Amino acid sequence: MEESSGNRESRPQPPPLTADLRELEEQTQVGEIFLSALLRRQLSLSLRVAVTLLVMLGLQPLVAWLVPAYASTDVLSIPLPWLVLGVGSYPVLIALGAYYVRHAERVDDEFSDLMRR
Amino acid sequence: MTSPAAIVGLLAMLAATVTVGIFARRFARTTSDFLVAARAVRPAANAAAISGEYLSAASFLGIAGLVMKYGFDVLWYPVDYAAGYLVLLIFIAGPLRRFGAYTIPDFAEGRFASPRLRRLAVGLVIVIGLFYTLPQMKAAGITVASAVGIPYGAGVLLMAAVVITIVMAGGMRGVTIVQAMQFTVKLFAITTPSFVLLIHFGAPAGIFAHLHSDAVPRLSQPLTVKVNPGDEWQVVETLHVHLDHPTRVRLLSSGPGPAPVDVGTPETQPPGGRREVLLTPSATLPPGRVRWEQPTRVEIPAGSAAPYGAGTPPSSNAAWLRPFGPLAGASGQPLLFTYSLIVAILCGTLGLPHILVRFYTNPDARQARRTALFVLVLVGFFYLWPPLYGALGRLHMARLYTTGLTDAVVLLLPRQIGPSWVGDTLAGITSAGAFAAFAATLSGLLISLAGALGHDIYGRWLRPEAGGAERNLAFRIGALTAGLAAALLGLMVERFDINVLVGWAFAIAASSFFPMLVLGIWWRGLTTAGAALGTATGGVAATLAIATTMVATASPTLAGFLDRNPALAVIMAQPTIVTLPLAVAVMVGVSLAWPRPPTGAAATMLQMHLPERLGLRRDYIHE
């Protein structure tokens with residue numbers, strides 16, 4: 001297997017350090033503020049997706065427990081909870097993952113652009 | 001019950017694995033080749049290899065077997081296995097790749113500047129790794145046993161030898177290619193028979209309509225089983241049987257329903273309603289528990305409600321079809337049980353040692369995230385299918401409830417299809433898939449364990465001065481040691497459900513590595529002491545709780561106590577819902593009480609979170 005080529009991130013040329021980058025590299029207080037801002041944006045994105053996931057999964061047992069009609073409904077003889085959990089979950093998981101990847105890359109890129117100005 | 005097609009399937013898969021492994025061996029030279037394939041594995045191949053490694057025997061055989069046994073509640077396993085990957089993607093895939101270490105112990109030492117924390121992590125890698133190899137060994141045993149007709153133990157040893165050889169020969173570079181191929185085989189082997197099964201048995205709507213229309217699972221063909229003294233059955237409906245010869249049985253309890261008519265001659269009537277009776281060769285068993293006191297051969301006509309063997313709780317189809325059925329419902333605390341299971345698997349995935357090591361094979365964080373998303377797509381598609389085998393198994397293979405072989409339903413169900421060459425071919429395909437499943441996961445686990453034994457214990461503590469050749473030898477010896485240990489332990493777990501064993505590995509990982517990784521990556525205030533105490537507390541508490549559950553299977557006193565305290569029993573069997581918050585509380589509490597950030601923590605945070613484009617990146621290990 002050869003090196004993956006044509007990826008601009010995999011083998012970066014050492015760029016000239018801008019003033020902002022030097023703040024980061026030397027871990028000054030200004031650099032700390034930059035890093036905190038990046039961390040906060042990435043973490044809040046991750047937590048948003050995580051909370052959505054937890055609500056999506058966590059509500060199902062509760063609804064089945066509190067609303068017997070949900071648990072006993074059949075669609076074409078197949079119990080509704082089987083379809084919701086066993087089939088419907090996967091597209092939602094993939095959509096959440098795609099949402100996360102797109103936005104995480106955007107956060108990284110915006111931060112890089114800001115630092116490289 | 002030898003199946004030539006299944007043997008061909010196994011041999012073909014073995015030949016393919018060995019050929020690709022030998023081919024790949026020519027590329028594996030340095031330590032870094034062995035461990036992370038020189039970080040040059042392409043994302044698509046990497047995603048297929050990760051999926052190949054992640055879709056273990058628990059996914060390929062175990063989910064179908066457990067769905068067959070317990071019904072709806074089991075769907076939480078595949079969905080959470082996939083969702084665990086999303087958790088891994090959103091919390092650790094990118095930063096951990098940027099950090100650039102090989103293993104969780106590397107992360108522990110690099111982030112917290114503490115060789116002692118590293119040692120703790122190595123210990124946990126070994127515990128979790130061994131727990132996770134047990135179910136793979138069980139799968140290996142039943143697959144080979146059902147294909148070749150050799151005993152379970154021989155199957156375990158044979159397959160262990162094969163996988164150990166592959167790992168010792170090729171290291172991870174070989175295994176990346178092998179696992180990518182094995183993923184393809186697994187996906188093909190679960191989907192193709194599914195389509196044929198659907199054509200043969202009808203659409204899912206029809207399958208479920210049949211399950212609705214009958215109260216209990218029934219034998220679709222006459223069943224002949226040999227019973228031995230001490231075997232117990234749960235008879236759910238009055239059951240007519242034919243025996244080789246008059247046989248003594250003990251009726252342990254009688255269910256409601258008509259009084260038994262042809263039970264035979266009551267010989268004794270001890271207090272407590274236990275009756276020992278002599279069954280005539282053509283006898284009728286009443287509903288309730290029956291213990292065989294003499295060996296005999298029992299014939300049960302088609303259409304009878306299948307008697308359940310020990311280890312399989314009887315359930316009506318109505319309970320099986322609905323949430324909180326025989327798995328969660330029987331725990332006495334259905335909601336607590338379900339939530340604890342969800343938390344364990346969601347959080348346990350990213351604490352599995354053999355999964356994380358894969359992320360270092362991506363060139364950068366962007367590719368690591370995209371790889372994880374790709375994995376989510378691949379495993380999500382795969383997990384649609386195993387529950388179908390479970391539902392079909394309940395409808396057409398009720399005899400597995402009697403024989404206790406529900407974990408083998410994926411291997412045996414295709415043989416129900418006629419003409420027989422079609423069924424045999426499909427059984428060969430699913431056997432090959434099962435081989436791919438346990439071989440892929442086992443080799444991944446062996447690499448992690450061999451890394452812990454060779455790279456950490458030997459290379460760092462015993463002989464830090466060892467050179468490259470010596471380290472490679474240590475890695476190979478580590479693989480051999482771990483493989484043999486896993487095989488010996490695997491001989492002892494035939495009785496346990498595959499997914500129950502897997503659930504324990506997830507519970508320990510979720511209570512120890514999960515909080516250490518997530519807090520360590522996102523909270524710079526996490527101190528070395530906090531991480532060490534929290535990881536140890538969570539890991540030890542989860543291990544003790546699980547050990548209690550295992551001991552209870554052998555200790556009636558403990559089992560009785562847990563029966564009277566269902567909430568406690570659920571927490572002991574599935575401890576994550578308590579031990580994970582406990583570990584987090586210890587980590588945060590200790591870190592806030594003694595706020596001494598480890599040396600270099602600020603630089604580590606930079607390294608994990610700064611985009612590579614900025615060009616400040618260094619890898620933790622330079623080769």
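This is a predicted model: local features need pLDDT of at least 70, side-chain atom pairs count only at pLDDT 80 or more; totals for chains, interfaces and linings use all residues.

B:Lys226 stands opposite B:Arg297, a residue of strand E9 in chain B. The two strands concerned, E1(B) and E9(B), pair in the antiparallel sense over 5 bridges; two strands pair if DSSP finds at least two bridges between them. Strands here are DSSP runs of E with at least two residues, and helices are runs of H or I with at least four, numbered from the N terminus.

Residues are numbered from 1 along each chain as its sequence is written, and chains are lettered from A and ligands numbered from 1 in the order in which they are written.

The sheet in chain B is open, has 4 strands in the order E1-E9-E3-E7, and is paired antiparallel. Strand E1 (223-227) and strand E7 (282-285) of chain B are its edges; each has a single partner strand, so one side of each is left without a neighbour in the sheet. On average, neighbouring strands of this sheet are turned by 35 degrees against each other, direction ignored, with axes taken as lines fitted to C-alpha atoms.

Next, B:Glu293, which lies in the loop between strand E8 (288-292) and strand E9 (296-300) of chain B. Leaving aside residues up to four places away in sequence, B:Glu293 touches B:Pro229, B:Arg248, B:Val249 and B:Arg250, contact being C-beta atoms within 7 Å.

I turn to the interface. Here 52 residues of chain B are in contact with 52 residues of chain A. H5(B) supplies the largest share of the chain B side, 9 residues. By class, that side has 38 nonpolar, 6 polar and 8 charged residues; Ala, Val, Leu, Ile, Met, Phe, Trp, Tyr, Cys and Pro count as nonpolar, Asp, Glu, Lys and Arg as charged, and the others, Gly among them, as polar.

Finally, chain A has 4 helices and 2 strands, running α-α-α-β-β-α from the N terminus on. Of its 117 residues, 26% count as buried.

Definitions and conventions. Two residues are in contact if their C-beta atoms, placed from the backbone, lie within 7 Å. Axes are lines fitted to C-alpha atoms, for helices over the stretch in contact, and angles run from 0 to 180 degrees between N-to-C directions. A residue is buried if 20 or more other C-beta atoms lie within 10 Å of its own, exposed if 12 or fewer, and partly exposed in between; C-beta atoms are placed from the backbone.
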